[in-house]
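Here is a short briefing on aromatic contacts.

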Amino acid sequence: MKTKFLLLALVFALVSTISYRSSAQLYKSALGLRLGAANGITFKTFVNKNAAFEAIGTFRYRGFGLTGLYEVHGRAFNSRDFNWFIGGGGHVYTWGDDRPSWLTGDKRTVLGLDGILGLEGKVRTIPLAISLDWKPTVNIINYSGFWGDEFALSFRYTF
């Protein structure tokens with residue numbers, strides 16, 4: 001599984017290098033809702049034409065998670081309204097006494113790495129961006145495990 005993910009990341013990195021000459025930025029910054037296995041809020045801001053930082057705050061298993069991602073964007077469908085994106089980063093999730101059963105003992109916090117792969121569109125007539133993505137995660141500290149169920153639909157107000 002790790003080999004397939006690394007190969008996929010390499011392919012998208014090559015595609016992003018090839019399509020770098022076209023501007024991929026659909027907006028400067030955006031704030032909105034992320035709906036999926038872990039619901040929450042999302043904030044994305046572009047740092048240049050083809051790269052953005054995204055912060056995601058999510059609620060899952062009656063706990064809270066914070067994820068930071070760096071994303072590379074490229075034009076999708078040869079359209080100025082759609083981008084594909086790929087990236088990576090890290091996360092921290094924490095729970096209170098009502099934590100998941102697989103967190104044994106006094107462990108209440110996990111740390112790990114995240115990937116993201118998605119498609120985003122910007123509505124021309126209103127300040128709205130919509131994205132669909134897959135965000136696989138690998139927990140490293142306090143619980144080593146793979147979460148591959150984080151598919152999400154995000155609605156962001158652009159500014």
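**Aromatic contacts in brief**

Trp147 is buried, at 8% relative accessibility. The model is a predicted one. It holds 8 aromatic pairs. A pair of rings is described by the distance of the centres and the angle of the planes.

**Phe77 and Phe82**
- Phe77 and Phe82 pair edge-to-face.
- Phe77 is exposed because its relative accessibility, 62%, is over the 50% cut-off.
- Phe82 is partly exposed, with a relative accessible area of 35%.

**Tyr93 and Trp147**
- Tyr93 and Trp147 also form an edge-to-face pair.
- Here the centre-to-centre distance is 5.4 Å, with 65° between the planes.
- Tyr93 belongs to strand E5 (residues 82-95), and Trp147 to strand E9 (residues 145-147).
- The pair therefore ties together parts that lie 54 residues apart in sequence.
- Tyr93 has a relative accessible area of 1%, so Tyr93 counts as buried.
- Trp147 is buried because its 8% falls under the 20% cut-off.

**Charges over rings**
- Arg60 places its charged end over the ring of Trp147, 5.2 Å from the ring centre.
- Trp147 thus has Arg60 over its ring and Tyr93 as an edge-to-face partner.
- Lys44 lies over the face of Phe85.
- The distance from Lys44 to the ring centre of Phe85 is 4.2 Å.

Definitions and conventions. Residues numbered from 1 in each chain as written. Predicted model: local features only at pLDDT ≥ 70, side-chain atom pairs only at ≥ 80, totals over all residues. Heavy atoms only, no water. Phe/Tyr/Trp six-rings, centres within 6.5 Å; stacked < 30°, edge-to-face > 60°. Buried < 20%, exposed > 50% of the residue type's maximum accessible area, 1.4 Å probe, protein only. Helix = DSSP H or I, 4+ residues; strand = E, 2+ residues; numbered from the N terminus. Lys NZ or Arg CZ within 6 Å of the ring centre and 35° of its normal.
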